[in-house]
Amino acid sequence: MRWIWLLAAAAYGQPCCQIEILVRDSAGTALEDARVVAVSPEAQLETKTAKEGRARLRVPAARTYRLAAGKDGYVPLERDVEVLARTEVEFVLEKVQTQSVDVTSAAPGVAESATGREVTGEQLRWSGADPSRLRDALPLIPGINRSPEGRLQISGGPEHRAALLLNSVDATDPVTGRFGATVPIDSVATLNVYRSPFLAEFGKFSTSVVSVEARKGGEKWHWELNDPTPEMRIRSARVVGVRGFTPRLNFNGPLVRNKLYFAQSLEYALRKVPTFTQPFPRNEEKQESWNGLTQFDAAPNARHFVTLQLHGVPQRINHVKPGFYNALPATPGWRGHEYRGSLSDKWALGTSLIESTVSYAETRGRVAPQGDLPYVLHPTFNEGNYFARNERMGNRAQWTETVTLAPVNARGTHHIKIGSIAVRTRVGGEYHFRPITIAAFETLRFRNLGPYAVNDWEAGGFAQDHWVISPSVSLDYGVRADWQKVTTAARAAPRAGLSWSLFGDPATVLRIGYGWFYDRVPLAAYGFDRWPVREGFTNILPQRRLVPKTQTWNLSLDRRLSQFFHVRAGYQESRSSGLIVLQPIERRIELRGEGRAAYRQLELLTRLRYKPNQEILVSYVRAFNRGNLNDFSEFLGDFPAPILRPDFRVEMTGNIPHRLLIWGDVPFTRKRNWRIAPVIEYRTGFPWSALNAQQQYAEPPNSRRYPNFLSIDFRLARDLVWKDRKFRISFAMFNVTNHWNPDSVRVNTADGLFGQFLGHHARRYRLDFDLLN
């Protein structure tokens, strides 16, 4: 067998393993004559890249090597790479980035990205979705959908059950656990979405981990201005005002050459989001925000790196989510801010690495109705003003220590990583509900209890080992322990995953894993003791600890047919328990930790790569998702639902049994001076529930569906140079086929037009240009 030959070759001192290296810049251009070095205690090998940016090194043993790549005018990058029989490594020497902004290694591991490999920020910016924020780009990832209400559904679960990491730091809202506004898309260097990674270092989630690395400054100053012109509103072939204006300014470079670097991304966003179920011009949600990410990277010496990051987003929304039932007067308004900062210090001591990170996050949100008119629910419309007024605030201070130990050789090679975390969180706020009238039936009145405040401590730690058993087989195993004061619960989550290059062939990798995952408990749930009490009812706090947990296993097979063609098939199954739900029982409203959910997913994925940053991704996902409907976040969030209905365990609102997604970026002409970025999505429609005149379920919930959804979008772009200035022009078209994609339905059986779908998003065009340095 091939593994016997590998061991024999290593024993006789012959090269047993091969490293394939690709070095390129951020535009995807291969870098010729770049220096590549591989270092181990036994040897140091060196070569240079050829014209296509590729180099090859043959090394004597399967072990961990320190790889470095560099070229004049670029900051050299380096990383530790586990080398097996054949390993691919790709370095991005961006003119606007520095320090270990390496892209990928094909060495088998259990933390496999949902797209087969990480996605670069350049790919997201070029995509036909034309995103301006990270949040806008996430539905390009298989397994992430956006509901008709605009909420993200990640691996079958609501947003607060996933984790968002920015430079490995928790970037979720301390109060709600949701993602918030997220960073400008121009600040993203790489994006990975891990579905249940079986690595103990990841915690506080039960569905997926969204991990983002931010762009850094480089040795030359660079700037660009994206979308500097407004998008005009066109009606009946006439320009009628401004639909949106989202200019984004980015600049970065060295403050002290080879020592200190600076990067800044700044976005101003004015968006007028229309609903097509209300008459123009009183049919738009108006969003206005500033979004800024600032980063300083210092390199006092070759083994010491320090990163300071600051992120701020003040924003406001007038008329949140107008629709068929809620005209503008019945919608709430929202204003608030998100501020975050983190300081990370990394020391390389010999072949060990010590990472220390401290971070602080603060969020605030305030919801207010448009006036004080009574809120009345009719079968065909809602009148008056929104019933709830609330305010919430929260902050989180976090300290993380991680140590990656030097490799240990014992029946293979062990790469051991241990870490600890301490978190202090404080939240507070107040809910104030006004009466809700169900026309011709009853009026719901509430007793408001005043402000709430919750203080919490969390502590935890993890230990994990990446055990390279042979050049073809590796095992990741470990355990994570967490303790949360407010739940009085200590939790231990073991995990393990096996990766096997079948028959010693690194182009074919089988992965299997199993693990326990304990979700965070957003502190908004503990504001329930001050939640307004409905007249004649009593609010009941949970009688046992709130400990949401998930058990997950998955199996996947990856096959690289060539350097340009990659396929994957995978299956995942998760079962969750202890989920937090609200349940009305007789004259009580109980907050319970008894919710359950089951999620199964079959995925087929193909990547066709033309050159770096130019590829097509085709994915098909067959999914099933069943669980409790009354997730607490629907009622204890910023915009509480007006009616609390009985809880059912049924097909979830975000469940899409079938989804085909095709997107990427390919040359449009033979000379490749034009590029086209298509986005094609075809999927099953979302479920919806029929209601009766009393606003209760008229039949089993989620037993009906929207029509199947089809959208074909594209973006056509070209980079031009005029008088030493570089700029980019692009033309985008959305819903090219003008397919009927409604976003609303008449849900009340007392409505004479019950079941009619509304809100078609017709074909739309957009012309942009960007100024580049």
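# Notebook: rings, sheets and buried loops

I searched the whole structure for aromatic pairs and got 25. The model is a predicted one. I began with Y194 and F202. Their ring centres lie 5.8 Å apart and their planes meet at 40°, so I logged the pair as tilted. I then looked up burial for both partners. Y194 has 14% relative accessibility, so Y194 counts as buried. F202 has a relative accessible area of 11% and is buried as well.

Next I took F198 and F517. This aromatic pair is also tilted, with 6.0 Å from centre to centre and 50° between the planes. Where do F198 and F517 lie? F198 is in the loop between β15 and β16 (208–214), while F517 belongs to strand β37 (residues 508–518). The pair therefore ties together parts that are 319 residues apart in sequence. F198 comes out at 2% relative accessibility, which is buried. F517 comes out at 0%, buried too.

I also followed ring pairs that join up. They link Y375, Y386, F387, Y431, F433, F446, Y452, F528 and W531 into a cluster.

**Charges over rings**

I checked arginines against ring faces. R645 lies over the face of Y697, at 5.7 Å from the ring centre. R683 does this with F709, at 4.2 Å from the ring centre.

**The sheet with β15**

I went back to β15 to see its sheet. What is the strand order in this open sheet of five strands? I read it as β9-β15-β16-β13-β14, and the pairing is mixed. The edges are β9 (119–120) and β14 (169–170), each of which pairs on one side only. Strands of a sheet pair through backbone hydrogen bonds, either parallel or antiparallel. I looked up the sense for β9 and β15 (residues 188–195): they are antiparallel, over two bridges. For V119, I found L191 in β15 as the bridge partner.

**The sheet with β26**

I looked at a second open sheet, this one of four strands. I noted the order β27-β26-β31-β32, again with mixed pairing. Which are its edge strands? They are β27 (382–383) and β32 (442–444), each pairing on one side only. Strand β26 (residues 375–377) and β27 run antiparallel and are joined by two bridges. I found L377 opposite N382 of β27. Y375, from the ring cluster, falls in the residue range of β26.

**Two buried loop residues**

I picked L546, in the loop between β39 (538–540) and β40 (549–562). Buried or exposed? L546 has 1% relative accessibility, so L546 counts as buried. I listed its contacts, leaving out residues up to four places away in sequence: T487, V521, Y526, I580, R592 and G593. I also took a C-alpha distance from L546 to E615. They are 69 residues apart along the chain and separated by 44 Å.

Then I turned to Q695, in the loop between β48 (687–688) and β49 (704–705). Q695 is at 9% relative accessibility; the cut-off for buried is under 20%, so Q695 counts as buried. What does Q695 touch, beyond neighbours within four places in sequence? I found L377, H378, P379, I438, I643, R645 and N748. Two of these names were already in my notes. L377 is the residue opposite N382, and R645 is the arginine over the face of Y697.

**Whole protein**

I counted three helices and 54 strands. The C-alpha atoms fill a box of roughly 90 × 65 × 50 Å along the principal axes. How does the radius of gyration compare with that of a compact globule? With 773 residues, such a globule would have a value near 28 Å; the protein has 27 Å, which agrees.

I looked up burial over the chain: 57% of the 773 residues count as buried. For contacts with a separation of 6 or more, 66% come from residues 24 or more positions apart. Last, I noted the surface. The protein exposes about 32,100 Å², and carbon and sulfur atoms supply 57% of that area.

Note on methods. Residues numbered from 1 in each chain as written. Predicted model: local features only at pLDDT ≥ 70, side-chain atom pairs only at ≥ 80, totals over all residues. Heavy atoms only, no water. Pairing = 2+ DSSP bridges. Phe/Tyr/Trp six-rings, centres within 6.5 Å; stacked < 30°, edge-to-face > 60°. Buried < 20%, exposed > 50% of the residue type's maximum accessible area, 1.4 Å probe, protein only. Lys NZ or Arg CZ within 6 Å of the ring centre and 35° of its normal. Contact = heavy atoms within 4.5 Å. Rg over C-alpha atoms; globule rule 2.2 N^0.38 Å. Areas by Shrake-Rupley, 256 points an atom, 1.4 Å probe, with all protein chains shown as cover.
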